[in-house]
Amino acid sequence: MSDNNAILSVGGDAKDYAILNGTVGPQVIDVRKLYANTGMFTYDPGFTSTASCDSGLTYIDGDKGILLHRGYPIDQLAEQSSFMEVSYLLLNGELPSKKELEDFTRTITRHTMVHEQLTTFYRGFRRDAHPMAIMCGVVGALSAFYHDSTDINDPEQRKIASHRLIAKMPTIAAMAYKYSVGQPFVYPRNDLSYTANFLNMTFSVPAEEYVIDPVVVDAMDKIFTLHADHEQNASTSTVRLAGSSGANPFACIAAGIACLWGPAHGGANEAALNMLREIGTVDRIPEYIARAKNKDDPFRLMGFGHRVYKNYDPRATVMQKTAKDVLEKLGVNDPIFDVAKELEQIALNDPYFIEKKLYPNVDFYSGVILSAIGFPTEMFTVLFALARTVGWVAQWNEMISDPAQKIGRPRQLYTGPAQRDYVPVEKR
Ligand code: CMC
């Protein structure tokens, strides 16, 4: 992987560090020997210049707005593939044959039920608990149900744990919703596709037939596909870090869910829609744009900006089109959609946002679609977690299979007091 070196000179002592090449994208300087050579660490809070691992799953070029899964562009996958196929691709590295896809889909379908005892965990939550809180708890609790999945050194057991997680996440998410609205849990149906089954578990009630709208299934499947994986983002890095100690995979995914919940990450879709509702009418947009620009105001335009994408978010492009289709086809007429359209236009033409390269991200449009479909805002991040589970387990598997991977253990720049002697309380 290396054909040239970087030279770092500290106090006149120059040492070589290998420069490693990936397939595409920036090269990396291998600084693993830096501490041994110099007694110094690198300093990079927020990991803006740090590659924490090598990975063959997902590639992002933030300047060009490119997102590839195993080499395939996200727009092609979103338009032509399906969430099940993309899941197979992420887990196995190649697109499946027809038979492989059928087998994989059947396997996932047969793991969708959860142990009946799991329902008691739901009942332990207050009925108004946030569904992300429920999801963190219930997914973590799954680790207690699958003792056979704890030998993470066995690839077969890792595979079964991965399938279970991908399969059960829609059931767990739908149950979180049902619990919050006081409706009975709906069991999975094996005759439905992954996405149609999720919608049925979420929106059907025993009292009447629920007609699954193919427009909604298609939009939902695209949303899942667009959220399936995204390189070493905060929640994925959390899953990898938790997994690097050899922890149970269900517990690792629960850690990822906790990280995703934050408004700077997956929680942005909920925050973006709440913001649109707070703005309420188009005439109030300038007030919020002014607040976003004000250095003394912590307010940010939710659904705008991205750590990596500095041109546009390729997922947002697909999502914007899907939002338009869904709103048209469902004939939804909610004033917040006018606010969203106008806000997008104003922000895209405002010098502050242009200069800082702040564009609408995937979460700006996904909230609009999910709201039109009928999901309450608290469910938005749950849906993100459901979809991202495949990325988390694929990344976790990749990490465990990599012999070079050690426990994740960053160091620090210590700024606390230097050593001092303890003073008894009566002398302080
Ligand atoms: N509204 C107003 N100003 C912003 C925004 C925003 N949404 N985002 C960044 N800025 C400004 C920020 O104030 C800073 O200005 P200055 O240079 O004058 O201090 C500059 O842009 C750079 O911001 P940063 O916080 O240093 O950038 P970052 O790369 O650390 O943060 C981000 C990226 C996504 C956390 C941030 O843009 C943000 O908070 N956006 C809103 C939340 C959001 O939509 N998150 C979803 C991301 S996409 C889905 C996902 O990955 O989960």
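## Helix packing, a buried arginine and salt bridges

Arg70 counts as partly exposed because its relative accessibility is 24%; the class lies between buried (under 20% relative accessible area) and exposed (over 50%), with a 1.4 Å probe and protein chains only. This is a predicted model, in which local features need pLDDT of at least 70, side-chain atom pairs count only at pLDDT 80 or more, and totals for chains, interfaces and linings use all residues. Residues are numbered from 1 along each chain as its sequence is written, and side-chain values use heavy atoms, with hydrogens and water left out.

Arg70 sits in the loop between β5 (66–69) and β6 (72–73). Helices (H or I, at least four residues) and strands (E, at least two) are DSSP runs, numbered from the N terminus. The phi of Arg70 is near 50 degrees, a positive value in a residue other than glycine. Most residues other than glycine have a negative phi. Lys357, in the loop between α16 (351–355) and α17, also has a positive phi, near 55 degrees. Lys357 is partly exposed, at 41% relative accessibility.

Helix α12 covers residues 268–279. Its 12 residues should span 16 Å at 1.5 Å a residue, and the end C-alpha atoms are 16 Å apart, which agrees; the expected span is 1.5 Å times one less than the number of residues. Of the 12 residues, 9 are buried, leaving α12 mostly covered. Among the buried residues are Asn269, Glu270, Leu273, Met275 and Ile279. The cover over the buried residues of α12 includes α13 (285–293), α15 (335–348), α17 (362–373) and α18 (380–401), where contact means heavy atoms within 4.5 Å. Just after α12, Gly280 takes a positive phi of about 80 degrees.

Helix α18 also packs against α6 (residues 131–142), at an angle of about 35 degrees and with the axes 8 Å apart. The axes are lines fitted to C-alpha atoms over the stretch in contact, and angles run from 0 to 180 degrees between N-to-C directions. Pro131, Met132 and Met135 of α6 meet Thr381, Val382 and Ala385 of α18. The residues of this contact divide into 5 nonpolar, 1 polar and no charged. In this scheme Ala, Val, Leu, Ile, Met, Phe, Trp, Tyr, Cys and Pro count as nonpolar, Asp, Glu, Lys and Arg as charged, and the others, Gly among them, as polar.

Arg388 is in helix α18. Arg388 is buried yet has no salt bridge, and the nearest side chain of opposite charge, Asp229, is 5.0 Å away. For charge, Lys and Arg count as positive and Asp and Glu as negative, while His and the chain ends are not counted. Not counting residues up to four places away in sequence, Arg388 touches residues including His227, Asp229, His265 and Arg315.

The structure holds 16 salt bridges, each a side-chain nitrogen of Lys or Arg within 4 Å of a carboxyl oxygen of Asp or Glu. Three of them are listed here.

| Pair | Closest N to O distance |
|---|---|
| Arg284 and Glu287 | 3.6 Å |
| Glu328 and Lys324 | 3.6 Å |

Asp191 is exposed at 56% relative accessibility, whereas Arg189 is partly exposed at 36%. Arg284 is partly exposed at 29%, and Glu287 is partly exposed at 41%. Glu328 and Lys324 are separated by about one helical turn because they are 4 residues apart in helix α14 (residues 314–330). Salt bridges that share partners join Lys99, Asp103 and Arg106 into one network.
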